Amino acid sequence: MIEHNDPAYIYTYAYSKEERSLCHMEMRSFFGKATDDNIIKSTENIDPSRSPFIRERIEVVYEGETLQDILDQVTEIKMGDQTFKVIFSKINDLKTPHTIEYQERREIERAVGWIVEGEADVHHPDHIFGMAIVGNRWYFGHYRKSEAVWLQHTKKPREYSTALSTRVARAVANIAVPDPHGVKSIDPCCGIGTVLVEALSMGINMEGRDINPLVVQGSRENIEHFHLQGTVEVGPISEVMDSYDVAVIDMPYNLYTHATPEDQLAILKHARRFAKKVVVITIETMDNMVKEAGFRITDRCETQKGYFTREILVCE
């Protein structure tokens, strides 16, 4: 197929008003920046199915100032025996009155399709090409649609009402470990394993631990149910002896376990001992406690679930 010497990727996003803060935090973790335009160009190669908010990714092959620039370049494409389809993303950062509406997008797709040397197949193509506009420049490349993997994890055999939603848990795992390569992580208060399941499903090396044997068993059942491989141990955070690059701590608040302020401080102090970076999820403000434990908050956001407003803190 087509090679590109200077890799660049276009990502488009979709999220609700309530999810904006969390989505932007995940964007910053992946790309070092966030935008309200719902479209980002980056050199970072992220599997679009990792994020609950990414809709699609275009691996850039050609770019230009005008559509004609793209048309001139796609003449180089030789599909051989493979069929293809062209998708013009409906998400661009063009503002009214310059937005490109549905009918014009279809016309652009047909115009490009006529030039590509090969057989078009809109229903079952061997390869999909994508197009988008970012910063008034046109981009064309290999298209990949996000798969809602997290949606499969909403039906766990073991669950409780105050656990994080799968969407939030997946974003938290990404915020904690944006690049899994060589990273060792732990969720030492893992509860029913909501974050663990999302992390393990994305190839993140994350161990689980909880002081409550009932929820540890539930976490193990959930991991096994989705045919994932992961270790979950019973025991307090004080018994964690290994070192980790990052820890995710959803401060205990549920039917089985509720941490007092003294417990919370102790949890953070232990985390400081064995982890370089900690992502804390809390329903209570604990900036002073985080500082007392020896951490510095480097990023933060809020997310809501019913009556609960949770704060997510990145601490280093």
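R55 is partly exposed in this predicted model, with a relative accessible area of 24%. Its salt-bridge partner is E56, with 3.1 Å between the closest N and O atoms. E56, by contrast, counts as buried, at 3% relative accessibility.

- D299 and R28 meet through their side chains in a salt bridge, at 2.8 Å from N to O.
- Because D299 belongs to strand β13 (residues 297-305) and R28 to helix α1, this pair ties together parts that are 271 residues apart in sequence.
- R28 has a relative accessibility of 30% and therefore counts as partly exposed.
- A salt bridge also joins E221 to R158, and their closest N and O atoms are 3.0 Å apart.
- This pair likewise links distant parts of the chain, since E221 sits in helix α6 and R158 in the loop between β7 (137-145) and α4, 63 residues apart.
- E221 is partly exposed, with a relative accessible area of 27%.
- R158 is also partly exposed, with a relative accessible area of 28%.

**A salt-bridge network**

- D287, R300 and E311 form one network, joined by salt bridges that share partners.

**The largest nonpolar core**

- The largest nonpolar core contains 45 residues.
- Within this core, the residues with the most contacts are Y13, L22, V172, V195 and I312.
- The helices that give two or more residues to the core are α1 (20-31), α4 (166-176), α5 (194-201) and α6 (213-225).
- The strands that do so are β1 (9-13), β11 (244-250), β12 (275-282) and β14 (308-315).
- Helix α4 supplies the largest share of the core, with seven residues.

**Surroundings of V195**

- V195, one of the core residues with the most contacts, touches several residues beyond its neighbours within four places in sequence.
- These contacts are L164, A169, V172, A173, D187, M206 and V248.

**A separate core**

- Another core, of 23 residues, lies apart from the largest one.
- Its members include V280, M286, V290 and A293.

How values were computed
Residues numbered from 1 in each chain as written. Predicted model: local features only at pLDDT ≥ 70, side-chain atom pairs only at ≥ 80, totals over all residues. Heavy atoms only, no water. Core = buried A, V, L, I, M, F, W, Y, C linked by side-chain atoms within 4.5 Å. Buried < 20%, exposed > 50% of the residue type's maximum accessible area, 1.4 Å probe, protein only. Helix = DSSP H or I, 4+ residues; strand = E, 2+ residues; numbered from the N terminus. Contact = heavy atoms within 4.5 Å. Salt bridge = Lys/Arg side-chain N within 4 Å of Asp/Glu carboxyl O.
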